[in-house]
Amino acid sequence: MFTAIFGSFEAGIIYAIMALGVYLSFRILDFPDLTVDGSFVTGAALSAVLIVNGVNPFLATILALFAGFAAGCMTGLLHTFGKINNLLSGILMMIALYSINLRIMGRSNIPLLNTETSFTQIGTFFDSLGIDSFLNSLLTMVGLGDSLPGTWGILFFMIIVTFVIKWLTDSFLQTEIGLALRATGNNKQMIRSFSANTNLLTILGLGLSNALVAFSGALIAQQGGFADVGMGIGMIVIGLASVIIGEALFGTKSIARATLAVIGGAIIYRIVVTLALRVEFLDPGDMKVITALIVIIALTAPKLIEHSKEKKRKAKRRLEKLKTIQASAQGKG
């Protein structure tokens, strides 16, 4: 059980980067961008091809980020200058990226199991420091010696990377351009009245969003040991689930809190899916159904709770009003 939870936490912190990208398009820009399903694979495909051909894995991962940025900008161009509906522009780019990803890979799947990736290098580095053996010895002392993780390095490294990206995102959204980006998603007419170019802001926002998505895809490919042309299917739903779960549980009073909530939502989502798949009558093929149910619950539960609270408040006000009327009647009598 500990290994399963550890693995889901590790995957969740990587998927959190993708969820931050979805947050930028879905919440900040108010743009339902389905490019995510394609750009996630673009990041995985490009990094895998480069790594297999001997390119430094860290450089390959960074280049995947730029590829995602280009894909997002193309979606923005289709919407702003092509005057195509935002939903349709994302769908068109997602379809185009399927063929582009196949071209990049040359085939439908690229294995990385026997290849030096950024994660294998990180694992080797942490093992040389003795951190893995120290932490595993502590787990053995508390009775968890039968379920030790292979390395702690990937988790620690990804926590640092994810929170650096979160801090950069928070800082960017507080800048003049970031504030204009937020205003574009909230009220385009208002921000245009201040002579802001909403078209360029939309393109920039979608580019940054898909850059994070592709970066996450590159990391997931290296963690899983393969890049597959179909690994991005349903990724937008996973991203939305992470955003919605995080917002429902942690709130969105500020940008910093909202981005932290997205990270927390991504981790919780992976843990819930992992625990759900351990139920006997469920199998890995049911993961999409589980995701859909999680999103439905995350969307409906807060509304039902708020509705129940509102009913209680109304009942309380009616009771107080009735008591006031009764007291007034008794005073007159």
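Reader: What makes up the lining of the second largest pocket when its residues are sorted by class?

Author: By class, this lining has 8 nonpolar, 1 polar and no charged residues, where Ala, Val, Leu, Ile, Met, Phe, Trp, Tyr, Cys and Pro count as nonpolar, Asp, Glu, Lys and Arg as charged, and the others, Gly among them, as polar. The residues concerned are L24, L65, I165, L168, T169, F172, L208, A211 and L212. The model is predicted, and for that reason local features need pLDDT of at least 70 and side-chain atom pairs count only at pLDDT 80 or more, while totals for chains, interfaces and linings use all residues. Residues are numbered from 1 along each chain as its sequence is written, and side-chain values use heavy atoms, with hydrogens and water left out.

Reader: Why is such a space called a pocket, and what does it mean to line it?

Author: On a 1 Å grid over the protein atoms alone, a set of points where a 1.4 Å probe fits but cannot get out would be a cavity, whereas a pocket is an open set with protein on both sides within 12 Å along at least five of seven lines, and lining residues have an atom within 4 Å of a point. The second largest pocket has a volume of about 200 Å³, a volume being the space filled by probe spheres set on the points, which are joined across faces, edges and corners. Helices α7 (153-173) and α10 (198-224) each supply at least two residues of its lining, and α7 gives the most, with 4 residues. Helices (H or I, at least four residues) and strands (E, at least two) are DSSP runs, numbered from the N terminus.

Reader: What can be said of the largest pocket, and which residues are closest to its centre?

Author: The largest pocket holds about 290 Å³ of space. Its lining has 13 residues, and I245, V272, I294, I297 and A298 are the closest to the centre. Two or more lining residues come from each of α11 (235-250), α12 (255-277) and α13 (287-332), with α13 giving the most, 7 residues. In this lining 13 residues are nonpolar, and none is polar or charged.

Reader: How do you know that D170 is buried rather than exposed?

Author: Buried means under 20% relative accessible area, exposed over 50%, and partly exposed in between (1.4 Å probe, protein chains only); D170 has a relative accessible area of 12%, so D170 is buried. This residue is found in helix α7, and, leaving aside its neighbours within four places in sequence, D170 is in contact (heavy atoms within 4.5 Å) with I255, A256 and T259.

Reader: Is T117 buried or exposed, and what does T117 touch?

Author: With a relative accessible area of 2%, T117 is buried. T117 lies in the loop between β1 (109-111) and α5 (118-129), and, not counting residues up to four places away in sequence, T117 touches P57, L112 and Q222. Although T117 and P57 are 60 residues apart along the chain, their C-alpha atoms are separated by 5.3 Å.

Reader: Why is D30 called exposed?

Author: D30 has 52% relative accessibility and therefore counts as exposed. D30 lies in the loop between α1 and α2 (36-52), and its phi is near 55°, a positive value in a residue other than glycine. K83, in the loop between α3 (57-80) and α4 (86-105), has a phi near 60°, also positive in a residue other than glycine, and K83 counts as exposed because its relative accessibility is 66%.

Reader: How do you know that the buried residues of α6 line one face of the helix?

Author: In helix α6 (residues 131-141), D132, L135, N136 and L139 are buried. Seen down the axis of α6, these buried residues fall within an arc of 100°, so they line one face of the helix, the arc being that of the directions from the helix axis to the C-beta atoms. On the other side of α6, F134 and M141 are exposed.

Reader: What makes a set of residues a nonpolar core, and how many residues has the largest one?

Author: A nonpolar core is a set of buried Ala, Val, Leu, Ile, Met, Phe, Trp, Tyr and Cys residues joined through side-chain atoms within 4.5 Å. The largest has 71 residues, and I17, M18, F40 and M158 have the most contacts inside it. Helix α1 (residues 2-28) provides the largest share of this core, 13 residues. Apart from this core lies another, of 5 residues, among them F6, L135, W152 and L155.
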